[in-house]
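Subject: Handing over the structure

Dear colleague,

I am passing on the structure below, together with some notes on what was found in it. Please keep it open while you read.

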Amino acid sequence: MALQSKHKVDASFSMSSMTDIIFLLLIFFMLTSSFITPSGLPVNLPSSEASDIVMQEVTVTVTKDLRYSVNDRIVGRDEIKNELTTLLEGKKGQVVLHIDKDVPVEYLVEIGGIAAKLEANVSIATKPYN
């Protein structure tokens, strides 16, 4: 005696709605990533062979006219040590330096020394060669 069900269930489903959602997410992330700027002040970064992406906890920016900012907040040169001390207090953080390529090296060394004294890892932001 053969028992057969009168209601057959179709196990397949349409993937067209899934591809629409993925396409919309792709467009969203492509558009929003173009609006992200690396820092508040415009700097012309130096080029390098290897340009790694580093998680930025604290960013220090120095423009060619020697304007300073810490995490997009404009500060004076004498305030940098206090700002970094406050931001890195009690933890070993990551400091990324966005220094314009026309800024003399002494300013880079000064800020890098402050961050190193606070036991932070110091990285210099660069752009890859074209």
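The notes below go from the chain as a whole to its sheet, its helices, its core and its aromatic rings.

This is a predicted model, in which local features need pLDDT of at least 70 and side-chain atom pairs count only at pLDDT 80 or more, while totals for chains, interfaces and linings use all residues. Residues are numbered from 1 along each chain as its sequence is written, and side-chain values use heavy atoms, with hydrogens and water left out.

On confidence, the mean pLDDT of the chain is 78, with 77% of its residues at 70 or more; pLDDT is the predictor's confidence in each residue, from 0 to 100. Among the elements, strand 3 has the highest mean pLDDT (90) and strand 1 (residues 47-48) the lowest (59).

The chain contains 3 helices and 7 strands, where helices (H or I, at least four residues) and strands (E, at least two) are DSSP runs numbered from the N terminus. Along the sequence the pattern reads α-β-β-β-β-α-β-α-β-β. Of the 130 residues, 27% count as buried, a term that stands for under 20% relative accessible area, with exposed meaning over 50% and partly exposed in between (1.4 Å probe, protein chains only). Among contacts (heavy atoms within 4.5 Å) between residues at least 6 apart in sequence, 71% join residues at least 24 apart.

The sheet is open and has 5 strands in the order 4-3-2-5-6, with mixed pairing; two strands pair if DSSP finds at least two bridges between them. Its edges are strand 4 (73-75) and strand 6 (121-124), each of which pairs on one side only. Neighbouring strands are turned against each other by 25° on average, direction ignored, with axes being lines fitted to C-alpha atoms, for helices over the stretch in contact, and angles running from 0 to 180 degrees between N-to-C directions.

Strand 2 is in turn parallel to strand 5, through 5 bridges, and Thr59 stands opposite Val96 of strand 5. Thr61 has a bridge partner in strand 3, namely Ser69, and another in strand 5, namely His98. Strand 5 and strand 6 run parallel and are joined by 4 bridges, with Asn121 of strand 6 as the bridge partner of Gln94.

How many residues of strand 5 are buried? The count is 6 of 6, so strand 5 is largely enclosed by the rest of the structure. Gln94, Val96 and His98 point one way from this strand, Val95, Leu97 and Ile99 point the other way, and all are buried. Strand 2 is mostly covered, with 5 of its 5 residues buried: Val58, Val60 and Val62 point one way from it, and Thr59 and Thr61 the other way.

Helix 2 (residues 80-87) packs on the sheet, where it touches strand 2 (58-62), strand 3 and strand 4, and its direction makes about 10° with that of strand 3. Helix 3 (residues 105-117) lies across strand 2, strand 3, strand 5 (94-99) and strand 6, and runs at about 170° to strand 5.

The largest nonpolar core has 18 residues, and those with the most contacts inside it are Val60, Tyr68, Leu84, Val95 and Ile111; such a core is a set of buried Ala, Val, Leu, Ile, Met, Phe, Trp, Tyr and Cys residues joined through side-chain atoms within 4.5 Å. Two or more residues come from each of strand 2, strand 3, helix 2, strand 5 and helix 3, and helix 3 gives the largest share, 4 residues.

Finally, there is 1 aromatic pair, counted when ring centres of Phe, Tyr and Trp (its six-membered ring) lie within 6.5 Å, with planes under 30 degrees apart called stacked, over 60 edge-to-face and the rest tilted. The rings of Phe28 and Phe29 have centres 5.2 Å apart and planes at 70°, so this pair is edge-to-face. Phe28 counts as partly exposed at 45% relative accessibility, whereas Phe29, at 51%, counts as exposed.

With best wishes
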